[in-house]
Amino acid sequence: RDSASKTLSIMPPKSSSSGTTEPPQAPWTQRDRDGSWSSWGSWGACSSSCGSGFKTATRTCTDPEPLGHGKECTGDSQKSHDCDAGPCPVDGRWSRYGQWTRCSRQCSGGVYSRTRTCTNPEPTNGGADCEGDPIQESTCNNEPCPDLYPVDSGC
């Protein structure tokens, strides 16, 4: 027998678990198989904790995976759609102070004040309240009151 004439043996057909017979394969070649997509996974969480965002779902080229010279899956492995996570919180901010009030006393120290409101904007959807005091006070007319009835000097 010379080395150029080798016999080629083909393996007998195999039965699969489903009862179908697979075609014979040469023992030295890998079977080629095209890939196919798995089912889509479930939608993920919205990408935003409030307002507009998007959700994604993915799939893989593993049902089955491509084998040998089989083709990769075509198409997208990910899909997305818009989602709305509800209104965003709005923190409150102070308005400008209003006008000063009149001094509470004409002499010997009085107080005047002005106010502001937490409405620029008002807190909504769980937003934080304004920090600080809504009233600003200051002293006024600190001079002593004149002595209307001077102490008798004994004259």
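Select Arg-59 to begin: leaving aside residues up to four places away in sequence, Arg-59 touches Trp-37, Ser-38, Ser-39, Trp-40, Thr-74, Gly-75, Asp-76 and Ser-77. The model you are looking at is predicted, and Arg-59 sits in the loop between strand E3 (52–58) and strand E4 (78–84). Although Arg-59 is buried, it has no salt bridge, and Asp-76, the nearest side chain of opposite charge, is 6.7 Å away. If you now show the backbone of Asp-76, you will find its oxygen 2.9 Å from a polar atom of the Arg-59 side chain.

Select Cys-103 and Cys-140, whose sulfur atoms are 1.8 Å apart in a disulfide that is right-handed, with 95° about the S-S bond. Cys-103 lies in the loop between E4 and strand E5 (110–115) and Cys-140 in strand E6 (residues 135–140), so this pair ties together parts that are 37 residues apart in sequence. Cys-103 counts as partly exposed at 25% relative accessibility, whereas Cys-140, at 9%, counts as buried.

Move on to Cys-107 and Cys-145, a disulfide with its sulfur atoms 1.7 Å apart. Because Cys-107 lies in the loop between E4 and E5 and Cys-145 in the segment after E6, the pair ties together parts 38 residues apart in sequence.

Finish at Cys-118 and Cys-130, joined by a disulfide with an S to S distance of 2.1 Å; the torsion about their S-S bond is about 85°, so this disulfide is right-handed.

Technical notes. Residues are numbered from 1 along each chain as its sequence is written. This is a predicted model: local features need pLDDT of at least 70, side-chain atom pairs count only at pLDDT 80 or more; totals for chains, interfaces and linings use all residues. Side-chain values use heavy atoms; hydrogens and water are left out. Helices (H or I, at least four residues) and strands (E, at least two) are DSSP runs, numbered from the N terminus. Buried means under 20% relative accessible area, exposed over 50%, partly exposed in between (1.4 Å probe, protein chains only). Lys and Arg count as positive and Asp and Glu as negative; His and the chain ends are not counted. A salt bridge is a side-chain nitrogen of Lys or Arg within 4 Å of a carboxyl oxygen of Asp or Glu. A polar contact is a pair of N or O atoms within 3.5 Å; within protein, one must be able to donate a hydrogen and the other to accept it, and residues adjacent in sequence count only if both atoms are side-chain atoms. Contact means heavy atoms within 4.5 Å. A disulfide is a pair of cysteine sulfur atoms within 2.5 Å.
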